[in-house]
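Work through the following exercises with the structure at hand, and try each task before reading its solution.

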Amino acid sequence: MLRRPRRNRKSAVIRGMIEETRLSTKDFMYPLFLLEGKNKKVEVDSMPGIYRFSQDNMRAEIEQCLELGVKSFDIFPVVAEKYKDKEATYSYDPDFFYLKALRELKEEFPEACIMTDVAMDPYSVDGHDGLVDEDGKILNDESLEILGSMALAQAETGIDIIGPSDMMDGRVEFIREVLDESGYEDTSIMSYSAKYASAFYGPFRDALDSAPKFGDKKTYQMDPANLREAMIEAELDEEEGADFLMVKPALAYLDVIKLLRDNFDVPIAAYNVSGEYAMVKAAAQKGWIDGERAMMESLLSIKRAGAKVILTYFAKEAAQILKG
C-alpha cells in the first residue's frame, strides 16, 4: 500500500498538527439568566450546573469567564409574573431591573461583548414571541412596534449585539431602522434566522418560565422538516441588515449551519440549546457516556459544520478544559 492514512494518526503530536478544526474560547458565547434582587444563585433543575443569577452574582460569573477567555455573553431576563402583560410593556421600561443591570454590567465590563434577546415571550402573559389577538393568532406587523421599542431600550444600555429571536417577518429591517434613526447604527444584529419549532427548548423555558400558555410556536418558528426554507429566511435577514445569521438548535441542524455557511459571507452563529446540553449532562450523570468528551465532540462538530460563533451552556466548562 502506497497510501496509509493511519500514518497521519500515529501520534498525538501529528494528529494535532494536521487537525482541520480547532476550538477556541473565542468561539463561545455564554448564555446567562438574570434574576431580580441580590445574592441569588438558583440552579436550573433541568440544566445541571447552570444557574439563574442576581446581578451581583452574575458579575462574579462574568469575571471568572473573562479570566478563562470567554468574553461574549447572551443575557436573558427571568421576568416575574407580576411584570407580564399582553404588550410586554416592561421590556422597554428603562427602570426595569433587566435594562438597569445591562447598563451597569456593560459599564463594569467594557471589554466583554454583551448580547440581548428581543422577543416578547419572557414578558408576555401569553408566553408567545409576538402579540396575541383575542382569537389566539400571533400578530406579525403589530408585534414589530413592540420589538423595535424593546431593541432600542436595550441598545440604549450600551450593549453590543441585539438578538431578535421572535421570528416575526420583517423584524430585522424594522429594528435596524429604529436603531439607525436613534443613533445606534453601530449596534449589531445577530438574527435568529433559522429558528426551528424544536423539542429541544424545554429546559430553557423552565429557566425563564416562558413557555406558551396555549398552543405552540409552529406558525412562526420553522418546521424541522425544512432545509431550503432556511435559505429564504437567511436571505431576507441579510438583505434587511443582519450582521450575523443564527441557526437554532445546533446539533440536530448541522446541515443547516453548513448550508448557510456555504451561501453567505456574514458570520454564522449556532445555538447549542438547553435540551442538547441537558441530554449530555443527564447521560453523563448516569455513567452512560463520557460527558467531557461528548461535550467537546459536540462543540467541535458545530464549528466543523461552519459556525463562527457558538452559543453554548458548555462555554465555561469547555474553556476550563481548553485552558487547562
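**Exercise 1.** Locate Ser-124 among the strands, decide whether Ser-124 is buried or exposed, and find what surrounds this residue.

*Solution.* Ser-124 sits in the loop that links strand E5 (113-118) to strand E6 (131-132), where strands (E, at least two residues) and helices (H or I, at least four) are DSSP runs numbered from the N terminus. This is a predicted model, in which local features need pLDDT of at least 70 and side-chain atom pairs count only at pLDDT 80 or more, while totals for chains, interfaces and linings use all residues. Residues are numbered from 1 along each chain as its sequence is written, and side-chain values use heavy atoms, with hydrogens and water left out. With a relative accessible area of 1%, Ser-124 is buried (under 20% relative accessible area, with exposed over 50% and partly exposed in between, for a 1.4 Å probe and protein chains only). A polar atom of the Ser-124 side chain lies 3.0 Å from the backbone nitrogen of Asp-126. Beyond its neighbours within four places in sequence, Ser-124 is in contact with Lys-84, Asp-85 and Lys-213 (heavy atoms within 4.5 Å).

**Exercise 2.** Determine which residues of helix H11 are buried and what they pack against.

*Solution.* In H11, which spans residues 315-323, the buried residues are Ala-315, Lys-316, Ala-318 and Ala-319. They lie on the same side of H11, because they cover an arc of only 160 degrees around the axis, taken from the directions from the helix axis to the C-beta atoms. Their packing partners are strand E1 (28-35), helix H2 (55-68), helix H10 (291-305) and strand E12 (309-312).

Key: Polar contact = N/O pair within 3.5 Å; in protein donor to acceptor, adjacent residues only side chain to side chain.
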